[in-house]
Amino acid sequence: MLKLWNKYRISNIPSLIFLDATTGKVVCRNGLLVIRDDPEGLEFPWGPKPFREVIAGPLLRNNGQSLESGSLEGSHVGVYFSAHWCPPCRSLTRVLVESYRKIKEAGQNFEIIFVSADRSEESFKQYFSEMPWLAVPYTDEARRSRLNRLYGIQGIPTLIVLDPQGEVITRQGRVEVLNDEDCREFPWHPKPVLELSDSNAVQLNEGPCLVLFVDSEDDGESEAAKQLIQPIAEKIIAKYKAKEEEAPLLFFVAGEDDMTDSLRDYTNLPEAAPLLTILDMSARAKYVMDVEEITPAIVEAFVNDFLAEKLKPEPI
C-alpha cells in the first residue's frame with residue numbers, strides 16, 4: 001500500500017486517481033473533483049487537456065479590466081493556486097509580487113494567473129487587490145475546478161510554471177521563488193540535485209529522497225557532492241521521463257546547519273559525514289550507507305538496490 005502512496009505522491013486523503021488500465025499511466029490525479037464536477041461521466045475518461053483549452057475565457061485584472069486568455073500567447077505562465085485564509089499563501093504572495101516585478105522589469109514575457117481557493121467572492125476581491133497579475137474570475141468555478149484537476153492540486157500555495165507552449169517546467173514554483181529572490185534562474189528548470197534548505201525541505205515529504213550528508217565546513221564539499229550525484233540523478237530522471245513517469249527519487253545534498261541537524265535528529269541518523277541515505281517520510285523508513293568514501297559506483301549501486309527493493313528499511 002505504501003508503494004502506491006509513494007508512486008503517486010499522495011500527501012492528502014481522501015485521494016482518487018484514475019489510471020489507464022492498458023498502460024498504467026495516470027489519467028487524472030484529482031478524481032474527487034472529477035466526480036463532483038461531472039457526476040454523470042459526460043467527460044469520461046477524464047484525460048488531461050491542453051492548458052490553452054482549459055484556461056480559455058476571460059481573465060481579470062484587479063482594476064476590473066478583462067483580457068482574453070489568448071493574450072498569454074508566447075509567455076511563460078505561472079498558475080498560482082492560493083487563498084487569503086491561508087497564512088503561508090499570504091506570505092508567498094508578498095514575495096511573489098516582488099519576483100513578478102523583477103521578471104517583468106528584466107523584459108521577460110511572463111504572466112501569473114491566480115486561481116482562487118477563497119471561500120467567498122469578497123475574500124477573493126480583497127486578496128486579489130494585492131496582486132498585479134491576472135486571475136480566473138471567482139464566479140467561474142468550473143474553470144477554477146478544471147485547473148485544479150489538470151494539475152492535481154493537493155494543497156496550497158502551489159505555483160506551477162509553464163513554458164510558452166503550456167508545458168510544465170516546474171511544479172515547485174513556490175520553492176524556486178523563495179530560493180531565488182533575484183529571479184536569476186527564471187524560468188526555474190528543475191535541477192537534478194538540490195542543496196537542502198529550509199524552503200525546499202517540504203519536498204522531503206513528497207516521496208523517497210536520496211540525501212547525501214556532507215561536512216559543509218570543507219570548502220567545495222557540497223558542490224563536489226552534487227557533481228558526484230548528478231550523473232546518477234540525471235540517468236534516473238531520463239529513464240522515467242522516457243516512460244512518461246515521475247522519477248521515483250528526489251536527490252539532495254545536505255550540509256551543516258540547524259535544519260539539517262533537525263532532520264538528523266528526527267530521523268535518528270548518526271553524525272557521520274559523508275553519510276548516504278534514502279529517507280521515505282511517508283513510510284517512516286530510512287536506508288543508510290555509512291562508508292568512509294562515497295563514490296559514484298557506491299551511490300548508483302545503493303539507488304539500484306533501493307529501486308529493486310533489495311535494501312532493508314530501518315524505522316524512522
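1. Helix 8 covers residues 221-242, 22 residues in total, and its end-to-end C-alpha distance of 32 Å is close to the 32 Å expected at 1.5 Å a residue. The model is predicted, and the points below should be read with that in mind.

2. The helix has a bend of about 35° at Gln 230. A proline, Pro 231, follows within four residues. Just after helix 8, Glu 244 has a positive phi of about 60°.

3. Which residues of helix 8 are buried? They are Ser 222, Ala 225, Lys 226, Ile 229, Ile 232, Ala 233, Ile 236 and Tyr 240.

4. The axes of helix 8 and helix 10 come within 8 Å and cross at roughly 35°, in a right-handed crossing. Helix 8 contributes Leu 228, Ile 232, Lys 235, Ile 236 and Tyr 240 to the contact, and helix 10 contributes Pro 296, Val 299, Glu 300, Val 303 and Leu 307. By class, this contact has eight nonpolar residues, two charged residues and no polar ones. Ile 232, Ile 236 and Tyr 240 are among the buried residues of helix 8 and also take part in this contact.

5. A separate point concerns Thr 93, which lies in helix 4 (residues 87-105). Is Thr 93 buried or exposed? Thr 93 counts as buried because its relative accessibility is 2%, and buried means under 20%. Apart from neighbours within four places in sequence, Thr 93 contacts Tyr 80, Ser 82, Tyr 127, Met 131 and Trp 133.

Technical notes: Residues numbered from 1 in each chain as written. Predicted model: local features only at pLDDT ≥ 70, side-chain atom pairs only at ≥ 80, totals over all residues. Heavy atoms only, no water. Helix = DSSP H or I, 4+ residues; strand = E, 2+ residues; numbered from the N terminus. Expected span 1.5 Å × (residues − 1). Bend = angle between axes of the 7 residues up to and from the residue. Buried < 20%, exposed > 50% of the residue type's maximum accessible area, 1.4 Å probe, protein only. Axes fitted to C-alpha atoms, helices over the stretch in contact; angles between N-to-C directions. Left-handed = near helix turned anticlockwise from the far one by under 90°. Contact = heavy atoms within 4.5 Å. Nonpolar A, V, L, I, M, F, W, Y, C, P; charged D, E, K, R; others polar.
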